[in-house]
Every structure is written in C-alpha cells, then in structure tokens.
Amino acid sequence: MQYLPLTRAHFQDVISLANIVHGDNYMDEQSLTKMHQQGIKHDINASFVAINKQNELVGFRLSYAADQWDIDKWCSPKLWPVLPSQMAYFKCIAVSEKAQGQGIGPKLLHASIVALRQQGALAGVAHLWKQSPGNGAVKYFTKAGGELIKLHDNRWTELCDTQGYVCTVCENSCQCQAAEMALLF
C-alpha cells in the first residue's frame, strides 16, 4: 500500500469513494478543490490517499491546516485543548469496503498528523459520524487518542437541504449526530 499526498490526479476517485461511503452528493470537484487548498500550508499537503498494489485508490484522508478553515456553529473552540489558531481540522476519511480492516485509516491519519505538525498545528478537531456502521468513526478516532468535546445533533441536515446530500442512513433529511473530538499531537 502506498500513502501519497492528494493531488488533482486523484480527485475523481476521491469524489467517487466519498459519495459511496458518505452518501450521494457529499462531495464534488468544486468542494474537493477547496478542501485540497485548505490542507496546504508552507507547501506542505496534509491530505493523503491510499493506493493499493493494483494502483487503485482505496482510501483518503482530507485535513485542513490550522488557520485555514472556518470555525462554524458546529465548533466549540472554548472547549478545545489549544488555541483556535493552533487547531487543524480533520475534514473526512473514507476507506473502500474491500480495503477495510487493513489499518489504512490509522496510517492515513498518521500521515496527516505528521504534515499538520510540520505546518505548525498542535492538535486537530473532527466531527465524527456517530451513526457510521458500528460507530466505527468514533471508535477509530478514540483509539488514535481523540477526546470527545461535544455532541451535535443534525450536523449534516443543512448539507441535505442546500446541496442535495443523501445520507446513507437517513436519506434526504440527515438526522445523524456528530461527535466533535480533538486529538493533541
């Protein structure tokens, strides 16, 4: 397995995998372009892909550099362990069903953490999907050292309403809960 920085050459495969794992209309080229740019600071890219021996993209991790993302109503900066200017954001991860259980998620997270540290971040925050199969997202992030900050109801409802997102659990009106979690580096 190769773990490589995300480039535009990977975009179509990342978008396809994101929409399979997270739901239709979760991501498109315009949104991925912005996400990719938010992850680059000091010429260091904090977003990575996993490529198998058959040269297929089987996973990705998108991360934003500290001070290059919007702290919105779903964030609780007063509860964070570091200043907002030192906090990176773990936007999303996906691993194809056929590649799960091979340690790809933790390796992608590690690659992002190394890059984020080089950029100057001291921690990262994420909104993890509590309704993921077996609550795997929260379990994976907790195992990596993530600490729960706050739970947020209906985190992705607005995405359904404004961008036509179709949740894999709730369909057109996502009621899923997000666990805001922080991970110190």
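Analyst: Accessible areas come from the Shrake-Rupley method with a 1.4 Å probe, and for residues only the protein chains shown count as cover. The model is a predicted one: local features need pLDDT of at least 70, side-chain atom pairs count only at pLDDT 80 or more, and totals for chains, interfaces and linings use all residues. Residues are numbered from 1 along each chain as its sequence is written, and side-chain values use heavy atoms, with hydrogens and water left out.

User: What does the accessible surface come to, then?

Analyst: About 9300 Å², of which 50% belongs to carbon and sulfur atoms. Of the 185 residues, 52% count as buried (under 20% relative accessible area; exposed is over 50%, partly exposed in between; 1.4 Å probe, protein chains only).

User: How many helices and strands are there?

Analyst: There are five helices and eleven strands. These are DSSP runs numbered from the N terminus, with helices (H or I) of at least four residues and strands (E) of at least two.

User: In what order do the strands of the open sheet run?

Analyst: The seven strands follow the order β1-β5-β6-β7-β8-β11-β9, with mixed pairing; two strands pair if DSSP finds at least two bridges between them. β1 (2-5) and β9 (147-152) are the edge strands, each with a single partner, so one side of each has no neighbour in the sheet.

User: In which sense do β9 and β11 pair?

Analyst: Antiparallel, over five bridges. Within that pairing, L151 has A179 of β11 as its bridge partner.

User: Turning to α2, which of its residues are buried?

Analyst: L32, M35, H36 and Q38 are buried. Seen down the axis of α2, they fall within an arc of 160°, so they line one face of the helix; the arc is that of the directions from the helix axis to the C-beta atoms. The face turned away carries the exposed residues Q30 and Q37.

User: What caps its N-terminal end?

Analyst: D28 does, with a side-chain oxygen 3.2 Å from the backbone nitrogen of Q30.

User: And α4, which residues are buried there?

Analyst: In α4 (residues 136-143), the buried residues are A137, V138, Y140 and F141. They too lie within an arc of 160° down the axis of α4, and therefore line one face. K139 and K143 are exposed on the face turned away from the buried side.

User: What do the buried residues of α4 pack against?

Analyst: Their partners are β6 (57-64), β7 (87-95), α3 (104-119), β8 (123-129) and β11 (178-184), where contact means heavy atoms within 4.5 Å. Just after α4, G145 takes a positive phi of about 110°.

How values were computed. Polar contact = N/O pair within 3.5 Å; in protein donor to acceptor, adjacent residues only side chain to side chain.
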